[in-house]
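Have the sequence and the 3D view open while reading.

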Amino acid sequence: MRDKKPRRESIEKKEVKAPHTIVSYIDNLKADIAAFFDLNSEHSFRPFDVHDHFGVQDKKVRTLFNDILHELEEAGRITFSNNGTYAAAPLKKESHGLTGRVDRVNKSFAFVIIDGREDDIYVEAELLNGAWDGDIVKIQPLTKNSRGGKSVRGDSGKSRTEGRVAEIIERSAKEIVGIIEINRGYAVVQPDNKKLFDPIFIEPEEIKEAENGDKVIIKVTEWPTRRTQAEGEITEVLGKAGNNDVEMHAILAEFGLPYHFPEIVEAEAQKIPDKIAKKETAKRKDIRDVLTFTIDPVDAKDFDDALSLRYLEDGNVEIGVHIADVSHYVLPGTELDKEAYRRATSVYLVDRTVPMLPEKLSNNLCSLRPNEDRLAFSAIFELSPKGKILNEWFGRTVIHSDRRFSYEEAQQVLDTEEGDFAAELKVMNTIAKIFRKERFKNGAINFDTPEVRFRLDENGKPLGIYQKERHDSNKLIEEFMLLANKRVAEYVYNLSKGEVKNTMVYRIHEAPDPDRLKTFATFVAKLGHKLEVEEENKIAKSMNKMLAEVEGKPEQNLIESLAVRTMAKARYSVEDLGHFGLAFKRYSHFTSPIRRYPDVMAHRLLQHYLDGGGSVDKETYEAGSKHSSERERLAAEAERASIKYKQVEFMSMMDHDREFDGIITGVTEFGIFVEITETASEGLIRMTDLGDDYYELEKENYRIVGQRTNKIYTFGDQVKVKVKDTNLARRSMDLYLAGTVPSASRPPRNDRGGSRERTRAPREAVSAPKNRKPSGSSAPKGNRKRR
């Protein structure tokens with residue numbers, strides 16, 4: 001057995017700085033002294049030892065240190081013994097039951113999020129005890145910081161309860177993606193994840209075929225301690241950083257999302273017969289002779305929904321919503337089903353789709369391609385010309401699509417009233433508009449936020465950025481999908497017998513938090529817009545009015561994005577809580593089983609109840625709902641990361657002398673965030689690049705103010721900017737104001753920013769405490785939105 005090379009201590013580590021908002025030298029000193037005792041909790045020290053450690057010689061400063069020691073003792077941070085020494089306070093017994101997840105905000109500190117607790121616990125970097133972002137830890141709360149006061153977004157948490165990590169219960173990162181730096185005798189990998197700050201040491205023999213600058217996936221073999229850094233081994237070399245395929249693969253790996261299907265899953269898919277058996281057709285409603293077509297994005301490969309239309313003799317119409325019958329092919333307990341559950345969703349990056357199901361299913365058997373018989377699960381409605389539902393039927397069908405439309409083709413038919421099935425499309429569009437009007441009348445909110453799209457060359461290089469528009473053809477499809485999702489949920493509920501309601505997987509969206517709404521209303525008021533938040537029944541009407549007012553204005557994208565983030569995050573659950581944003585009493589996801597596992601569960605449950613079955617166990621489906629919600633969150637984060645990467649890559653190719661119109665989207669102690677209107681990409685103007693004055697942050701007014709000039713930069717201001725630096729590895733961009741001279745270019749700081757140091761509108765809640773910054777939602781397929 002070889003002698004293991006001693007681990008290098010803190011290779012490449014930089015000094016951990018105190019948070020930006022410690023307001024005085026005394027506060028800073030007190031935190032440092034407390035950290036000294038916590039880091040040396042197994043020892044006790046005389047006051048002289050503390051003086052000596054900090055190099056204090058001046059008599060007045062020694063007196064100050066002694067006063068701080070006394071204050072720390074009174075606060076319970078340290079203890080005093082009869083022998084005249086101080087030591088770190090022992091862990092409190094209550095900490096054994098206090099468990100939470102680490103949210104590493106920046107290099108200097110983290111928060112520990114505890115379920116059921118209103119406030120998060122602030123932890124200095126030195127008190128994390130080796131815990132990394134996402135780890136589940138036991139936390140020992142310390143005393144409230146002497147600053148006290150109400151918690152304010154942007155104050156770096158110093159008014160919150162402080163704590164230290166007592167024990168790491170579970171590590172979050174199984175594999176980590178980063179760039180390898182090979183040195184003589186060792187290598188380090190700097191993680192891509194913006195919340196992992198410390199490099200990971202790699203032994204020379206573990207470098208394998210990796211070359212300097214490669215993107216690699218590593219497995220941590222030894223976790224860090226207070227004095228040593230983490231060690232790892234390379235599990236996969238992705239290739240050179242900057243290559244499009246490498247970067248997209250790295251993003252998937254960073255968020256723990258799979259890229260390839262296991263061989264056993266692919267093999268199982270290949271065994272499924274290509275032809276539909278006659279005995280299967282005989283068991284289904286045969287509507288192959290009814291006019292049917294699909295409408296999808298022009299580049300779509302999977303067509304998971306189709307519409308049919310049949311005129312009835314009494315002047316009514318029969319419109320069918322036909323969904324690929326994935327549950328016929330993906331049976332419980334199979335490898336296909338296990339893998340689909342693990343993935344829970346397809347992932348949509350800027351240049352590719354990573355499907356939930358193997359290609360044989362997603363692009364073939366379960367894709368409702370034109371001129372081919374396909375198995376479907378259908379919701380068929382008899383409708384009056386005014387959109388009233390007269391009858392409905394749910395069940396398995398066999399269909400035959402007559403035409404595949406792109407959104408653009410269908411829109412052209414609607415605009416010109418000429419082309420294939422012009423009359424049928426007009427009828428559908430008329431009814432869809434009735435449904436849409438009714439939704440908004442009932443309190444639905446019009447969140448038609450634009451989606452960023454890219455024109456890419458064959459190598460994935462961005463040639464342009466544009467925002468995809470939504471037309472009647474998009475809204476037509478959306479309204480009939482919403483109809484099917486709503487009516488399936490209502491149908492299953494109404495089939496319930498007695499007080500016990502049938503278990504169903506619902507898509508729920510709870511009413512927004514009142515405090516979050518008030519904060520958002522304050523933001524938009526500063527931009528000259530009014531939002532009614534006092535009466536819940538007026539919120540939707542007021543929100544829609546405001547969103548209509550900002551349409552076409554520079555702040556449109558900003559306000560629409562903030563409005564979405566102010567709302568609660570939609571999720572899956574067996575609890576029947578309704579959908580606030582759509583104004584539906586109950587709502588399910590039924591229409592996209594190719595790309596969402598909850599839809600597969602909904603299909604199985606619907607068929608079970610159609611067959612006369614009783615209600616099933618809720619716990620199993622609730623666990624599946626939570627898992628699916630979490631996977632959806634990760635997929636959305638990966639999608640945003642890929643968009644951010646391409647935005648920064650595109651901006652890196654711009655002429656640095658070019659001016660861009662922008663709008664201030666956030667203000668912090670270290671600078672202002674600006675979104676460039678043309679490309680919807682966001683960058684930071686650092687305080688050091690506002691060199692004409694010294695600026696201070698006024699959190700309550702969402703602005704920074706120059707001390708000498710009284711110049712003000714506030715949230716929502718329009719500015720002209722130029723690009724100073726772009727950093728693809730961090731997916732970040734530094735800007736400066738046009739007409740000014742920025743400070744000398746320098747390597748980007750490794751503070752990676754910090755969401756909590758930024759004064760901006762509230763983020764949407766994903767089972768998180770108030771005033772946190774969770775993730776937003778995403779558009780999973782073309783222009784379709786997750787509702």
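Seven strands make up an open sheet of mixed pairing, ordered E14-E21-E20-E17-E16-E15-E22. Its edges are strand E14 (285–286) and strand E22 (403–406). Each has a single partner strand, so one side of each is left without a neighbour in the sheet. The model is predicted.

Inside this sheet, strand E20 (residues 373–383) and strand E21 (residues 389–400) run antiparallel and are joined by 11 bridges. Within that pair, phenylalanine 381 stands opposite glutamate 392 in E21.

Helices pack here too. Helix H11 (residues 422–441) touches E15, strand E16 (305–311), strand E17 (317–324), E20 and E22. The direction of H11 makes about 105° with that of E16. Helix H10 (residues 407–416) lies across strand E15 (292–296) and E22. H10 runs at about 90° to E22.

**A three-stranded sheet**

Another open sheet has 3 strands in the order E1-E3-E2, with antiparallel pairing. Strand E1 (44–45) and strand E2 (78–80) are its edge strands, and each pairs on one side only. E1 is joined to strand E3 (residues 86–88) by 2 bridges. Here phenylalanine 45 stands opposite tyrosine 86 in E3. Helix H3 (residues 59–74) lies across E2 and E3, at about 105° to E2.

**Pairing around E13**

Which strands pair with E13, and in what sense? Strand E11 (residues 200–202) pairs with strand E13 (residues 231–240) in the parallel sense, over 2 bridges. Strand E12 (residues 214–222) runs antiparallel to E13, with 8 bridges between them. Phenylalanine 201 faces glutamate 231 in E13. The bridge partner of isoleucine 218 is isoleucine 234, also in E13.

| Strand pair | Sense | Bridges |
|---|---|---|
| E20 and E21 | antiparallel | 11 bridges |
| E12 and E13 | antiparallel | 8 bridges |
| E11 and E13 | parallel | 2 bridges |
| E1 and E3 | antiparallel | 2 bridges |

**An enclosed helix**

Why is helix H15 (residues 556–566) described as largely enclosed? Of its 11 residues, 9 are buried, so the rest of the structure largely encloses H15. The cut-off for buried is under 20% relative accessible area. The buried residues of H15 are Gln556, Asn557, Leu558, Ile559, Glu560, Leu562, Ala563, Val564 and Thr566. Their packing partners include helices and strands. The helices are H13 (514–526) and H14 (536–549). The strands are E24 (462–468), E27 (660–668) and E28 (671–676).

Terms used
Residues numbered from 1 in each chain as written. Predicted model: local features only at pLDDT ≥ 70, side-chain atom pairs only at ≥ 80, totals over all residues. Heavy atoms only, no water. Pairing = 2+ DSSP bridges. Helix = DSSP H or I, 4+ residues; strand = E, 2+ residues; numbered from the N terminus. Contact = heavy atoms within 4.5 Å. Axes fitted to C-alpha atoms, helices over the stretch in contact; angles between N-to-C directions. Buried < 20%, exposed > 50% of the residue type's maximum accessible area, 1.4 Å probe, protein only.
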